[in-house]
Amino acid sequence: MSVVGIDLGFLNCYIGVARSGGIETIANEYSDRCTPACISLGSKTRAIGNAAKSQIVTNVKNTVHGFKKLHGRAFEDPHIQAERVKLPYELQKMPNGSVGNCYSLFQVRYLDEERLFAVEQITGMLLAKLKETSENALKKPVADCVISVPSFFTDAERRSVMAAAQIAGLNCLKLMNETTAVALAYGIYKQDLPALEEKPRNVVFVDMGHSAYQVSICAFNKGKLKVLATTFDPFVGGRNFDEALVDYFSEEFKTKYKLNVKENPRALLRLYQECEKLKKLMSANASDLPLNIECFMNDLDVSSKMNRAQFEQLCAALLARVEPPLRAAMEQAKLQREDIYSIEIVGGATRIPAVKEQISSFFCKEISTTLNADEAVARGCALQCAILSPAFKVREFSITDVVPYSITLRWKSSYEEGTGECEVFSKNHAAPFSKVITFHKKEPFDLEAYYTHPHEVPYPDSRIGRFTIQNVGPQHDGDNSKVKVKVRVNIHGLFSVANASVIEKQNIEGDQNDTPMDTESSSKNQGRDDELDKMQVDQDEGIQKSQAEQQNQADEETENAGTETKAASGDKQDHPAQPKAKAKVKSIDLPIQASLYRQLGQDLINCYIENEGKMMMQDKLEKERNDAKNAVEEYVYDFRDKLCGVFEKFITEEDSNKLTLMLEDTENWLYEDGEDQPKQVYMDKLQELRKFGQPIQERYMEHEERPKVLNELGKKIQLLMKAVEAYKNKDEKYDHLDPAEMEKVEKYISEAMNWLNSKMNAQNKLSLTQDPVVKVAEIVTKSKELDNFCNPIIYKPKPKIEPPNDGQSKANGEHNGPVNGQSGTEPKPEPAKDNSQQTKPPGEMEVD
């Protein structure tokens, strides 16, 4: 089984794989460890990754990139509308969708027709390519994976990425926050972490990638990682610095060359590429650096220059956004600068000197760069996948992440004409985590989950989902039923109402054996990702608690994890002072109908999976067709070169002219009528060429190999003749051989020599342009026949001579065994005094 971690980046993707030797980053078919997050769709096939990136400028409208942050968002989303202006390809609204709830679709031309693709399909294509790259590198199937997502992704965005993984045929064991993956990659190999009872080591992780900026503060103990706080600015990253340069040079070129760059998508993309290169150069050089682009627009060459000081001045507003998330993280974690052990930076944009300077000056400490800035996320995801997979034994390491946004539940109150609500998870609450809330209801009811503070969430819709608790009715005596609802944030960071149950009570007089059932325990029905202390929140329906009261209750419940907290004010409480009656409690599970906002239906996902399968088959068929075409082209070029080279002596001038003409005709056909033919046509064309070319190639190969095998056969004959001559001269070595058999050998050698001489004489009379009289394969066969017939007779071993069986030899035999290779009586084994000197059984290896 293979386990992989995928860093699903905005610009590039990386794949980490867990092997027995540790974590490796996989290279793709271009020997590149990073795969561009880019898909190009054409008239025949798709190009994904490196091949697609090379088509960004040439196939502008059908090459999709920069789609990571479009997950889970409606077409009317302000972020989508802001991105549409910058994208060279078209985004369209999903047809027949309700207003405000329409998904955005990528409009591209594929297989010579206009097609619409959802962002889940596009990301699914990319993930399928990464899956294929992994399988090619590992030589085995890949299914289980851990995929990274930004820590600020909401429920809708996370579910969208999960759907993309499903379309790609991947089993996502966990969606892992990028900064948490980096922290795991940092901490799991550290041997000097403080013990569990000691004060933890606090490390700040700063990740500024191409599109977003994230900060996480983590506390490390031996075998334990706890995220204390995570903050972010989703709208600042390396591409914003590129945009600042693009805007500057666009204005300059408008003034200097009268060119409106932003109206030409191709020119704009080229300028983006050159500005990105210039930004990287300025990170290493402070002096003036040139920007030169040939044939930029209207056949004009453009040029300019910039230095690091100008760049920093140009990006002053962006650099000012580096400090606020750092300050917010420190405040949320309730730490001072002196509490921080080190600051680790990752992400491409952290290589900008001004960014590093901002971070360093805030903490008044040198920055650490021990992690691989590009590959740390993929490595952390691969480690997490190995931890979750039963196929790997990994060092014990517990990971506690956080909830990025506070989550509140709202429900309709029956006591008042209003609603009740309860904040179930606060910002930076430990995750994964489960809580239990108690309701008193007589009928089914709805729970609506939403983000408590919409202004803190970089997403226009604060709703998460609506959950209907069904089959709720009154008790036998007409009272409200006690309904326990478990809510949780799972291993993927997704909120859900996990289950609900109604508690039925029945009083039994005088039965001392019946005791109340403990309806909740910390170990009941919990998966691997729920190994935290359970906290229960009993909320009386219709009566509101202050946040302070809830926090006090939460603290008390945490200390008494696994036991049920009594109901809040207004609840009926049991009085244990009445021993005559005991309550028998029965828990019945209730069905829950979940309606999650912006979730793709399974039918639609299945349709996308089917479409992906069809596209993969189309890619495979097109690859086979291109391979067949390339094989014809390769044969033409290769054979034409050899006709004027090594094959020249093996073909007549007349045949050579005919074959050269045939090759030229085939080459012309390839670039005209044969440009776009079915696979079978190319295969037939190649077969036709080989029919004429194969005899020439065989004559050449036979001429090259024949002298070697003839020489070997001649040497064998000479050696055998010497052995026969020695036998005739009464050599002691051969005196045990049978005369009749030796006579047969002599006759066989004579026949072989005659055969060899006749074939060589006949071959020498032929020209190189004629087919050989004898082929290499025939000579090799003759040589083997000679060996098989003569060798067993000539090299037959002498028979062993039995020694005289007297007492002396017997005595010697008992102590020393066979003498001089002659057989004797079997020696009696003596008791071994030293185990190291005992005789080892055959086939065993002595291991030190």
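Trainee: Over which ring does the charged end of arginine 598 sit?
Mentor: This is a predicted model, in which local features need pLDDT of at least 70, side-chain atom pairs count only at pLDDT 80 or more, and totals for chains, interfaces and linings use all residues. Residues are numbered from 1 along each chain as its sequence is written, and side-chain values use heavy atoms, with hydrogens and water left out. A charge sits over a ring if NZ of Lys or CZ of Arg is within 6 Å of the ring centre and within 35 degrees of the ring normal. The charged end of arginine 598 is 5.7 Å from the centre of its ring, that of tyrosine 103.

Trainee: Is the pair of phenylalanine 253 and phenylalanine 296 stacked or edge-to-face?
Mentor: Rings of Phe, Tyr and Trp (its six-membered ring) pair if their centres lie within 6.5 Å; planes under 30 degrees apart count as stacked, over 60 as edge-to-face and the rest as tilted. The structure holds 25 aromatic pairs. In this one the centres are 5.8 Å apart and the planes at 65°, so the pair of phenylalanine 253 and phenylalanine 296 is edge-to-face.

Trainee: Why is strand β2 largely enclosed by the rest of the structure?
Mentor: Strands (E, at least two residues) and helices (H or I, at least four) are DSSP runs, numbered from the N terminus. Buried means under 20% relative accessible area, exposed over 50%, partly exposed in between (1.4 Å probe, protein chains only). Strand β2 spans residues 12-19 and is largely enclosed because, of its eight residues, the number buried is six.
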